[in-house]
Amino acid sequence: MSATQISAAGKVLKVLSAFDREHPSQTLSEVAQRTGLALSTTHRVVAELASWGVLERGEDGAWHVGLRLWEIASGCPRTQILRDVALPFMQDLYEVTHENIQLAVREGTELVFVERIAGHRSVELMTMVGTRFPIASTGMGRVLLAHAPREIQEEVLDSPLRAWTPHTVVDPKALRTQLDRIRREQVFVSDRQLSESTVAVATPVRIGRTGPVSASLGIVITADGASRARSLREPLLRAAHGISDELGRRTRTTA
C-alpha cells in the first residue's frame, strides 16, 4: 500500500472519529477543527463519505453518521453472534428484575457496551450501547479485566486509575485483590464505583460453561436498592450460564 493510500485512509478515519456521543452532529468547519484537516480536505472527504451513505446532512446543514455506517457496523462478527444469543436471555432477566440489563466486551484496555435493555422506571445510566470506558471504571469492566490476559491486567494496574466517585477503588494493590476475588466468586457487586447513584452486579459470559470469557453480563440498580444485590445473583448467573452454553453449542456446531 502506498503512502498516499495510507494518508487517504487516515483522513477518512480522522473524519469518522470526529463524530461521537458528545459530538453527534457537526458543521463542516467543526469537523475540520476537530480533525485538524484543512477545510478543503475535510470538504472532499465528507462529500465522498456522504456519497457512500456513511455520513448524512441534516436539515440544519450539519453532518451526522449515516445509516450505511450503522449497517456496516451491525455486521461485526465478534458481536453479532453474541448479541443474537444473549438477547433472549437478557429479556428473560429483565422480566425477572425490571432493571437495566447490559452486555459488554473488552477491546484492549477498554470496555465497549454492545447491548442493553432498560425499562422506563430503571435508574438512569451514564452508559449506552456503543460507549467505551476504561476497563477498570465499571463493575462489568472489572469482571472482564479479572479474566483478561496477564499483560492487559498489568498495563491497567501500572496506569493511573480515575476515581469516578469517592468509592472507586484506584489503589493498584486493592484492585489486584479485588480481581482475585472476582475470579473466585463469579459474581461481582460494584458499589457506586462509576456513579454514586448506581450499583452494578456483574458476571462473566463464557464460550461454553468452562471456556474463555467472551463478555460480561450485568444488572445495574439504584444505589438506594443496594440491599437487593444479593438476590440478583442467581437470576444473573442463570442468564449468563444460558448464554455461555448457547455460545459453546454454536461454536461446536460451526467448528
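Student: Why is α6 called mostly covered?

Tutor: Count its residues: eight of the eight in α6 are buried. Buried here means under 20% relative accessible area, while exposed means over 50% and partly exposed covers the range in between (1.4 Å probe, protein chains only). The buried residues of α6 are Gly139, Met140, Gly141, Arg142, Val143, Leu144, Leu145 and Ala146. Bear in mind that this is a predicted model, where local features need pLDDT of at least 70, side-chain atom pairs count only at pLDDT 80 or more, and totals for chains, interfaces and linings use all residues. Residues are numbered from 1 along each chain as its sequence is written, and side-chain values use heavy atoms, with hydrogens and water left out.

Student: How many helices and strands are there in the protein?

Tutor: Nine helices and nine strands. Both are DSSP runs numbered from the N terminus: helices are H or I over at least four residues, strands are E over at least two. Of the 255 residues, 42% count as buried.

Student: What makes Thr138 buried?

Tutor: Thr138 has a relative accessible area of 7%, so it falls on the buried side of the cut-off. Thr138 lies in the loop between β6 and α6 (139-146). Leaving aside neighbours within four places in sequence, Thr138 is in contact (heavy atoms within 4.5 Å) with Leu111, Phe113, Phe133 and Leu194.

Student: How do you know that α6 and α8 are roughly perpendicular?

Tutor: Set the angle against the classes. Angles under 35 degrees count as roughly parallel, over 145 as roughly antiparallel, 65 to 115 as roughly perpendicular and the rest as oblique. The axes of α6 and helix α8 (residues 172-185) cross at roughly 80 degrees and come within 9 Å; α6 and α8 are therefore roughly perpendicular to each other. The axes are lines fitted to C-alpha atoms, for helices over the stretch in contact, and angles run from 0 to 180 degrees between N-to-C directions.

Student: By class, which residues does the contact of α6 with α8 have?

Tutor: Six nonpolar, one polar and two charged. Ala, Val, Leu, Ile, Met, Phe, Trp, Tyr, Cys and Pro count as nonpolar, Asp, Glu, Lys and Arg as charged, and the others, Gly among them, as polar. From α6 come Arg142, Val143, Leu145 and Ala146, which meet Leu175, Gln178, Leu179, Ile182 and Arg183 in α8.

Student: What is the order of the strands in the open sheet?

Tutor: The six strands run β6-β5-β4-β9-β8-β7, with antiparallel pairing. β6 and β7 are the edge strands, each pairing on one side only. The twist averages 30 degrees from one strand to the next. α6 packs on this sheet, touching β4, β5, β7, β8 and β9, and its direction makes about 155 degrees with that of β9.

Student: How do you know that β4 and β5 pair?

Tutor: Two strands pair if DSSP finds at least two bridges between them. Strand β4 (residues 100-107) and β5 have seven, in the antiparallel sense, so they pass. Their hairpin has two residues between the strands, and Gly108 takes a positive phi near 65 degrees there. On the β6 side, three bridges join β5 to strand β6 (residues 132-134), again antiparallel, and Leu111 stands opposite Phe133 in β6.

Student: What stands opposite Ile101 in β5, and what in β9?

Tutor: In β5 it's Ile117, and in β9 it's Ile219. β4 and β9 are joined by five bridges and run antiparallel.

Student: Why is strand β8 called largely enclosed by the rest of the structure?

Tutor: Because eight of the nine residues of β8 (residues 198-206) are buried. Strand β5 (residues 110-117) is mostly covered too, with six of its eight residues buried.
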